[in-house]
Number of protein chains: 2
Amino acid sequence: MKKIINKPENYVKEMLEGIYTAHPDLVRYTQDDVHCLVSRYKKEGKVGIATGGGSGHLPLFLGYVGKGMLDGCSVGDVFQSPSPEQMLAVTKEIDSGAGVLYIYGNYNGDIFNFDMAAEQADFEEDIRVESVVAGEDVASPAPEPGRKNTRRGVAGIVFVYKCAGAAAEAMQSLDEVKRIAEKAAANVRTMGVALTPCVVPRVGKPGFDIAEDEMEIGMGIHGETGIRRGKIETADKITEEILEKILEDLPYQPGEEAAVLVNGLGATTLDEQYIVTGKIHEILKGRGIKVHRYYVGEYATSLEMAGLSISLLKLDDELKAYLDAPAHTPFFVQV
Amino acid sequence: MKKIINKPENYVKEMLEGIYTAHPDLVRYTQDDVHCLVSRYKKEGKVGIATGGGSGHLPLFLGYVGKGMLDGCSVGDVFQSPSPEQMLAVTKEIDSGAGVLYIYGNYNGDIFNFDMAAEQADFEEDIRVESVVAGEDVASPAPEPGRKNTRRGVAGIVFVYKCAGAAAEAMQSLDEVKRIAEKAAANVRTMGVALTPCVVPRVGKPGFDIAEDEMEIGMGIHGETGIRRGKIETADKITEEILEKILEDLPYQPGEEAAVLVNGLGATTLDEQYIVTGKIHEILKGRGIKVHRYYVGEYATSLEMAGLSISLLKLDDELKAYLDAPAHTPFFVQV
């Protein structure tokens, strides 16, 4: 395990302490628990937005707490859900009378714990909580019509945070912020490719094996099995395959607009992410799809996994305005 | 070689095209050469600042061209210097009558080519060019008093860009912007640790071998030999060793202030960078050194090398004001 760490059991605690050290003007923790991170920015009467999930995905989730995006976040150990009590602590701290929206990825542990936190907030604290569960990985099975979403939540959730955060900042009601979050979640699609596994510090060895000349298309951000494994192909071919799946799942008419997120999973260079960006542009242009904005970089990682994901958010004027609004968090500054 | 690329010989060109695709509002190229990147922001009478160097270090160098930092940048192939002609093309494009300052890292190829570009700019274009060569890696030999700097330039150059860029934005003269760049360069120190090698795409294999349980303290960002190789130690020990070398080289009095940059070299997680940040804080606090600002993330990489570097910039009120000024580039947004 080639990592610059101390004892694996202190990994998350020490990482969190580093975040508070580096960004004292933006974030702090509550309830004497470093796993319960809240924004220093508070606006009376604004809907609070909280997220949560396992550690190991920085800048997801903690890095998006600040102004114009999220108000709080609870995290668990690496790839582990935080507890209901931790999410409740965050909820109490960020509520300022307008209720709280939970936005988180579609994983069973998180759903179970955050539903429990939401109930407790309602019964014990009289805080109204609504939830939006984001799941947009087209490599996981599509939900049947009218049934619960069965897709994993991956990097596209950043678009949901951004749009909902801007709606809350614009002092929209909880119902309206929830509607925007649901709309963004319904219009985003992601798929990725992994080249190497990552090592969970407490485990000390890779989560799976993959040959030196192989890649896995559609792998999840905890190493969940993807669509297919095969020889590494060119950036152009990989980009074509991913975009085809995304555009098949949520087709665009010529003239429609998208925001594009090219997300590095951890060890893949920005160079490679930009090579893929160029190819995305060529393909979308060929289909008459206009790109309103590109985001390129590490937005949701899987520790030091090599690979990347592509997310497309279909835009209308409403989502575009919220996407373009300013935000200021440790990892997302838009002016 | 586990990379998402097309033909290695197109690597840099395609990467650059991706940058222009993703940031059309901030940057463009000149002279029909994608290697010659300039800011879309131009202010009449402002000193222009240019940098350059090899590709493979993103966000260095290209990512800092925009408003309040750099005005232009020429890059060569991976780890290769751009040509004098390319630097001259950038120089001509960014000059707006107040002259141009070159700020670049202390590498022979760059010095040779940029000195030639500066001479041509002067003789052929009547543009006054001054140069500041930044070299602050305490793992490379210290210059003898009064002799040329013999140290490698690494991540600390970002502080030099930031301070000089803010001085230029404040409409200081070329001499004054140069003085600020020299002052920042004289007050910054960096040292790093590498855990794995990286692979230059055209070469196709790692630049050096290092055992599965080994690290190299003080390695340069092109794989230059460091101070010592040994078994991987804890984050705390590594941080202590690096900080000791830095503080020995440029001592601080209790009460003096620093800006700290914790820089990932490519494959090292933000988690690890924050763990190191926490330890830095503890050590500096113990010595009575106040940290004015932390920057944590990937600022100057070595492709997909695992490892990180720590840079300290000693601050006085003048440098602090320039460091705190706003800036807006593809990779550095400060409000």
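**Entry 1: between the domains of chain A**

I began with the salt bridges between domain 1 of chain A and domain 2 of chain A, and the count is five. A reminder to myself: this is a predicted model. The domain assignment puts domain 1 of chain A at 8–186 and domain 2 at 188–322. I then took the C-alpha centres of these two domains, which lie 23 Å apart. To the contact, domain 1 of chain A gives 38 residues and domain 2 of chain A gives 37 residues.

Next I looked up the area. The two domains of chain A bury about 3,200 Å² between them, and 63% of it is on carbon and sulfur atoms. Which residues of domain 1 of chain A lose the most area to domain 2 of chain A? I found Phe79(A), Val138(A) and Phe159(A), which together make up 20% of what that side buries.

**Entry 2: Lys183(A) and Asp316(A)**

I went on to one salt bridge in chain A. Asp316(A) pairs with Lys183(A), with the closest N and O atoms 2.5 Å apart. I placed Asp316(A) in the loop between β12 (307–315) and α8 (317–324) of chain A, and Lys183(A) in helix α5 (residues 174–186) of chain A; the pair links distant parts of the chain, 133 residues apart.

**Entry 3: Asp137(A) and Arg152(A)**

I noted Asp137(A) as buried because its relative accessible area is 1%. Arg152(A) is buried too, with a relative accessible area of 11%.

**Entry 4: two strands of chain B**

I moved to chain B, where the side chains of Arg229(B) and Glu216(B) meet in a salt bridge of 2.8 Å, N to O. Arg229(B) is in strand β9 (residues 228–231) of chain B and Glu216(B) in strand β8 (residues 214–217) of chain B, so the bridge ties together parts 13 residues apart in sequence. Arg229(B) has 36% relative accessibility and therefore counts as partly exposed. Glu216(B) has 6% and therefore counts as buried.

Back to chain A for a moment: salt bridges that share partners join Glu176(A), Arg179(A), Lys183(A), Asp316(A) and Glu318(A) into one network.

**Entry 5: aromatic rings**

I counted aromatic pairs over all chains and got 16. In chain B, the rings of Tyr64(B) and Tyr161(B) are 6.1 Å apart centre to centre with 45° between the planes, a tilted pair. Tyr64(B) and Tyr161(B) are both buried.

The planes of Tyr295(B) and Tyr299(B) stand at 80° with the ring centres 6.2 Å apart, so I wrote this pair down as edge-to-face. Tyr295(B) and Tyr299(B) are buried as well.

In chain A I found one aromatic cluster made of Phe159(A), Tyr295(A), Tyr299(A) and Phe332(A). I also checked charges over rings: the charged end of Lys314(A) sits over the ring of Tyr252(A), 4.7 Å from its centre. In chain B, the charged end of Lys314(B) sits over the ring of Tyr252(B), 4.7 Å from its centre.

**Entry 6: chain A against chain B**

How many residues of each chain are in contact with the other? I get 54 residues of chain A and 54 residues of chain B. The two chains bury about 4,500 Å² between them, with 65% of it on carbon and sulfur atoms. In chain A, Lys2(A), Ile4(A) and Tyr274(A) lose the most area to chain B, together 21% of what that side buries. I searched this interface for salt bridges and found zero.

**Entry 7: Leu101(A)**

Leu101(A) is in strand β5 (residues 100–105) of chain A. Its relative accessibility is 0%, so Leu101(A) counts as buried. Leaving aside neighbours within four places in sequence, the contacts of Leu101(A) include Val47(A), Ile49(A), Val132(A), Leu174(A) and Val177(A). I also took Leu101(A) to Gly286(A), C-alpha to C-alpha: 38 Å in space and 185 residues in sequence.

Conventions. Residues numbered from 1 in each chain as written. Chains lettered and ligands numbered in written order. Predicted model: local features only at pLDDT ≥ 70, side-chain atom pairs only at ≥ 80, totals over all residues. Heavy atoms only, no water. Phe/Tyr/Trp six-rings, centres within 6.5 Å; stacked < 30°, edge-to-face > 60°. Buried < 20%, exposed > 50% of the residue type's maximum accessible area, 1.4 Å probe, protein only. Lys NZ or Arg CZ within 6 Å of the ring centre and 35° of its normal. Domains from an automatic or database assignment. Contact = heavy atoms within 4.5 Å. Buried area = accessible area lost by both parts, 1.4 Å probe. Salt bridge = Lys/Arg side-chain N within 4 Å of Asp/Glu carboxyl O. Helix = DSSP H or I, 4+ residues; strand = E, 2+ residues; numbered from the N terminus.
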